[in-house]
Amino acid sequence: MQTRRIGAYGVLTDDAGRVLLTRSSALSDVVGTWYLPGGGVEHGEAPADTVVREVAEETGLRVAVTGVRDVVSDVLAIPARGQRLHTDRVLYDLRLLGGELRAEVSGSTDLVRWVAPDELPGLRLMPFAAAALGQPVRAPWVRPDLPPAEPAPEPSPDGAPRGQRFAAYAVATDPAGRLLLTRISPGYPGAGRWHLPGGGVDHGEQPGQGLLRELREETDQLGVLGEVIDVSSHRDPAALGPEGYPLDWHAVRVLYRVQVPEPTRPRVMDPDNSTDAAEWFSPTRIADHAITDVVQRALDALSSSR
């Protein structure tokens, strides 16, 4: 059984260079394992809000997000449930605002403390936390005696089924400074508008890997992956699902800077999907076309980085 989850976590250090870590409790699938503080993104919640909320719940501390550190995915095999849990994780850098350090009560963590760098090798760290802290990555220990999987999320109050999606998009430019855009096909939300190349991350796929795959499928361009420049959240409680039924839709969207050093004439490799055209646009030409809010975020990010 393949399942998905989106999480947000934070790296918080003190003046002595110690990092704040939490330990998973007996309620967790990986009891006794150390994490960066954070947790699951609730339906409709922005990941940056998630990490602030989760840090307060797990540690008693108030924090502010100062930037995105990384975006990664991993798959946890849970044999007792026949489950392969794919988690997309947004990692943030944090700044301490206040509060008093204390452990979570009756939650998924049972201990919180500041950990010095020389203590890290002796801890059982979740792989994503180990990688973020420059430690060797080891497979996590998973409890063999797990309770049944949690039930599916409750529908929205209006009865519409809920859907959550993690997607990666390319802010792809060529040596001439042109931006690569794709047009949304008829029959899809936003039809006719120009969008960023990219889409949903497949199960077991890293976000950057999925983005470069989508870039090739939608535009036939080969890109060089750069840094994350934006993470946003969008909820549409009245969206339409693929079969035309109502859907309360929540999307978390990551924008990567991508360089296309040898641009060619774009072409859609698979026309039977949500993209029906792809083109290179000069900055002045974009203003004459209908664009999605994702493209606007990309333009704002590019403008602020100049």
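Reader: Which residue just after α3 takes a positive phi?

Author: Asp220 does, with a phi of about 60 degrees. Residues are numbered from 1 along each chain as its sequence is written. This is a predicted model, in which local features need pLDDT of at least 70, side-chain atom pairs count only at pLDDT 80 or more, and totals for chains, interfaces and linings use all residues, while side-chain values use heavy atoms, with hydrogens and water left out.

Reader: How do you know that the span of α5 agrees with its length, and which of its residues are buried?

Author: At 1.5 Å a residue, the 13 residues of α5 should span 18 Å, and its end C-alpha atoms are 18 Å apart, so the two agree. Val294, Val295, Ala298, Ala301 and Leu302 are buried in α5. Their arc around the axis is only 120 degrees, which puts them on the same side of α5.

Reader: What is found in α1, and which residue just after it has a positive phi?

Author: Helix α1 (residues 47–59) has 13 residues and reaches 18 Å between its first and last C-alpha, close to the 18 Å expected. Its buried residues include Pro47, Val51, Val55 and Thr59. Just after α1, Gly60 has a positive phi of about 80 degrees.

Reader: Why are β3 and β7 said to stand at the edges?

Author: Two strands pair if DSSP finds at least two bridges between them. The open sheet of three strands has the order β3-β2-β7, with antiparallel pairing. β3 (34–35) and β7 (109–115) each have a single partner strand, so one side of each is left without a neighbour in the sheet. Strand β2 (residues 19–24) pairs with β3 over two bridges, and Arg23 stands opposite Trp34 in β3.

Reader: How many bridges join β5 to β6, and what lies between these strands?

Author: Strand β5 (residues 61–78) and strand β6 (residues 83–99) run antiparallel and are joined by 16 bridges. Opposite pairs include Gly67 with Asp93 and Leu76 with Leu85. The two strands form a hairpin with four residues between them, and Gly82 in the turn has a positive phi of about 60 degrees.

Reader: Does β1 run parallel or antiparallel to β6?

Author: Strand β1 (residues 2–11) runs parallel to β6, with ten bridges. Arg5 has Thr87 in β6 as its bridge partner.

Reader: Why is Glu100 called exposed?

Author: Glu100 has a relative accessible area of 65%, and is therefore exposed. This residue is in the loop between β6 and β7. Its C-alpha is separated by 5.9 Å from that of Leu61, 39 residues away along the chain.

Reader: What makes β9 mostly covered, and which strands does β9 join?

Author: Five of the six residues of β9 are buried. Six bridges join β9 to strand β14 (residues 275–281) in the antiparallel sense, with Leu179 opposite Phe281. Two bridges join β9 to strand β10 (residues 194–195), also antiparallel, with Thr182 opposite His195.

Reader: What space lies in the second largest pocket, and which residues are the closest to its centre?

Author: The second largest pocket holds about 1,000 Å³ of space. Of its 34 lining residues, Arg165, Tyr169, Tyr188, Pro189 and Trp249 are the closest to the centre. Elements that give two or more residues to the lining include β9 (179–184), α3 (207–219) and α5 (293–305). On a 1 Å grid over the protein atoms alone, a pocket is an open set of points where a 1.4 Å probe fits, with protein on both sides within 12 Å along at least five of seven lines, and lining residues have an atom within 4 Å of a point. Grid points are joined across faces, edges and corners, and the volume is the space filled by probe spheres set on the points.

Note on methods:
Expected span 1.5 Å × (residues − 1). Buried < 20%, exposed > 50% of the residue type's maximum accessible area, 1.4 Å probe, protein only. Arc of directions from axis to C-beta.
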